[in-house]
Amino acid sequence: MDQRLSGEWRGWRAAAEEALYGADGFYRRPEGPAAHFRTSVHASPLFAVAVARLLCLVDEALGRPAELTFVDMAAGQGELVAGVLDALPGDVAARTRACAVEIAGRPRGLEPGIEWLAEPPEKITGLLFANEWLDNVPVEVAEADADGVPRLVLVRRDGTERLGEPVAGAEAAWLERWWPLSAEGARAEIGAPRDSAWAAAVATVERGLAVAVDYAHRAGARPPFGTLTGFRAGRECAPVPDGSCDITAHVALDACALPGARLLTQRDALRALGTTGARPPLSLASTDPTAYVRALAHAGAAAELTAPGGLGDFGWLLQPVGIPEAALEGLEGS
């Protein structure tokens with residue numbers, strides 16, 4: 001009998017791995033993630049424009065190399081990498097090697113010059129950009145029992161949960177360091193696999209910058225009951241590991257950060273890259289109505305990308321590799 005259909009109890013990491021990336025997993029479905037949830041990439045072309053500006057900053061810091069690589073991690077249907085290429089100045093675009101990294105097959109109609117890869121290339125000179133990738137790296141979930149002991153949360157294919165054995169070893173050490181639990185019912189996602197995944201991605205960058213953008217939280221402000229959830233057809237839903245929905249959890253980006261990293265909000269990052277929600281002057285409406293409408297739409301899109309309580313609160317983790325700190329001047333974090 002198929003173990004997936006027999007009520008097998010498993011940790012959330014194994015269950016989500018199969019549900020998302022298995023043979024019939026959510027991320028192998030032909031419609032792509034955009035059919036189920038909306039990211040900054042889908043919210044406005046201004047996001048790709050800002051990333052293109054960031055790539056140009058990296059290009060300058062690298063001394064304008066003969067080949068500048070842009071890697072779009074978890075590329076979906078390739079929307080971001082295509083948008084970045086379109087937004088680059090011609091001389092930069094001509095030197096750019098564009099790579100989309102995705103588990104699903106290459107989408108139809110994608111520009112032929114964009115490489116479609118299962119893993120990022122090695123020895124990157126340029127920018128590796130991971131927008132909403134780490135939140136889909138599966139992790140174990142822990143919950144404190146009546147005695148305050150963190151235990152692994154086990155789950156069946158239908159989403160039913162129960163508590164398993166106490167968390168031990170490296171997972172217990174991660175919890176103690178980054179997300180301690182004691183009160184009964186308190187939950188956490190054990191982010192060690194994300195730390196490792198991010199370190200491996202950064203290791204592919206020989207010179208340049210690696211950036212992770214995601215739903216995030218930091219020590220001192222962790223959600224008391226965790227963040228594990230699902231998305232299906234544009235709506236948040238219960239996280240059921242049967243392949244029918246996305247399964248995601250916010251990222252402890254401070255745990256992922258390597259020495260020299262900077263952490264900031266998307267709002268601050270995009271404003272530093274020239275994306276603001278400032279409305280055009282009303283006087284423009286009478287002198288150039290078409291330009292006013294265009295500028296107003298631009299401001300509205302920028303406002304959504306930088307909105308408090310929404311996309312603007314996303315975390316940006318910037319990890320420079322072999323470039324001077326002054327190269328990121330203006331992108332200030334803490």
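Is Asp254 buried or exposed? At 14% relative accessibility, Asp254 counts as buried, where buried means under 20% relative accessible area, exposed over 50% and partly exposed in between, with a 1.4 Å probe and protein chains only. The model is predicted: local features need pLDDT of at least 70, side-chain atom pairs count only at pLDDT 80 or more, and totals for chains, interfaces and linings use all residues. Residues are numbered from 1 along each chain as its sequence is written, and side-chain values use heavy atoms, with hydrogens and water left out.

**The sheet**

- Seven strands form an open sheet in the order E4-E3-E2-E5-E10-E15-E14, and their pairing is mixed. Strands (E, at least two residues) and helices (H or I, at least four) are DSSP runs numbered from the N terminus, and two strands pair if DSSP finds at least two bridges between them.
- Strands of a sheet pair through backbone hydrogen bonds, either parallel or antiparallel.
- Strand E4 (115-117) and strand E14 (262-265) are the edge strands, each pairing on one side only.
- On average, neighbouring strands of this sheet are turned by 20° against each other, direction ignored.
- The pairing of E3 and E4 is parallel, over three bridges. Trp116 in E4 is the bridge partner of Ala100.

**Helices across the sheet**

- Helix H3 lies across E2, E3, E5, E10 and E15, and runs at about 155° to E5. Such angles run from 0 to 180 degrees between N-to-C directions, with axes fitted to C-alpha atoms, for helices over the stretch in contact.
- Helix H7 (residues 192-203) lies across E5, E10 and E15, at about 145° to E10.

**Nonpolar cores**

- The largest nonpolar core has 42 residues, of which Phe129 and Trp316 touch the most other members. Such a core is a set of buried Ala, Val, Leu, Ile, Met, Phe, Trp, Tyr and Cys residues joined through side-chain atoms within 4.5 Å.
- Elements that give two or more residues to this core include helix H3 (46-61), strand E5 (124-131), strand E10 (205-214) and strand E15 (315-321). H3 gives the most, with nine residues.
- Not counting residues up to four places away in sequence, Phe129 touches residues including Phe47, Val51, Leu54, Phe70, Val211 and Trp316; contact means heavy atoms within 4.5 Å.
- Another core, of 23 residues, lies apart from the largest one, and Met73, Trp198, Val202 and Val205 are among its members.

**Asp254**

- Asp254 is in helix H8 (residues 253-256).
- Its side chain makes a polar contact with the side chain of Arg222, at 3.1 Å. A polar contact is a pair of N or O atoms within 3.5 Å; within protein, one must be able to donate a hydrogen and the other to accept it, and residues adjacent in sequence count only if both atoms are side-chain atoms.
- Beyond its neighbours within four places in sequence, Asp254 is in contact with Trp178, His217, Arg218, Ala219, Arg222 and Leu263.

**Glu17**

- Glu17 belongs to helix H1 (residues 12-21) and is partly exposed, with a relative accessible area of 39%.
- Glu17 and Val139 are 122 residues apart along the chain, and their C-alpha atoms are separated by 8.7 Å.
- Neighbours within four places in sequence aside, Glu17 is in contact with Gly22 and Pro138.

**Positive phi in loops**

- Arg64, in the loop between H3 and E2, is not a glycine but has a positive phi, near 55°. Arg64 is partly exposed at 37% relative accessibility.
- Ala74, in the loop between E2 and H4, also has a positive phi, of about 55°. Its relative accessible area is 30%, and Ala74 is partly exposed.
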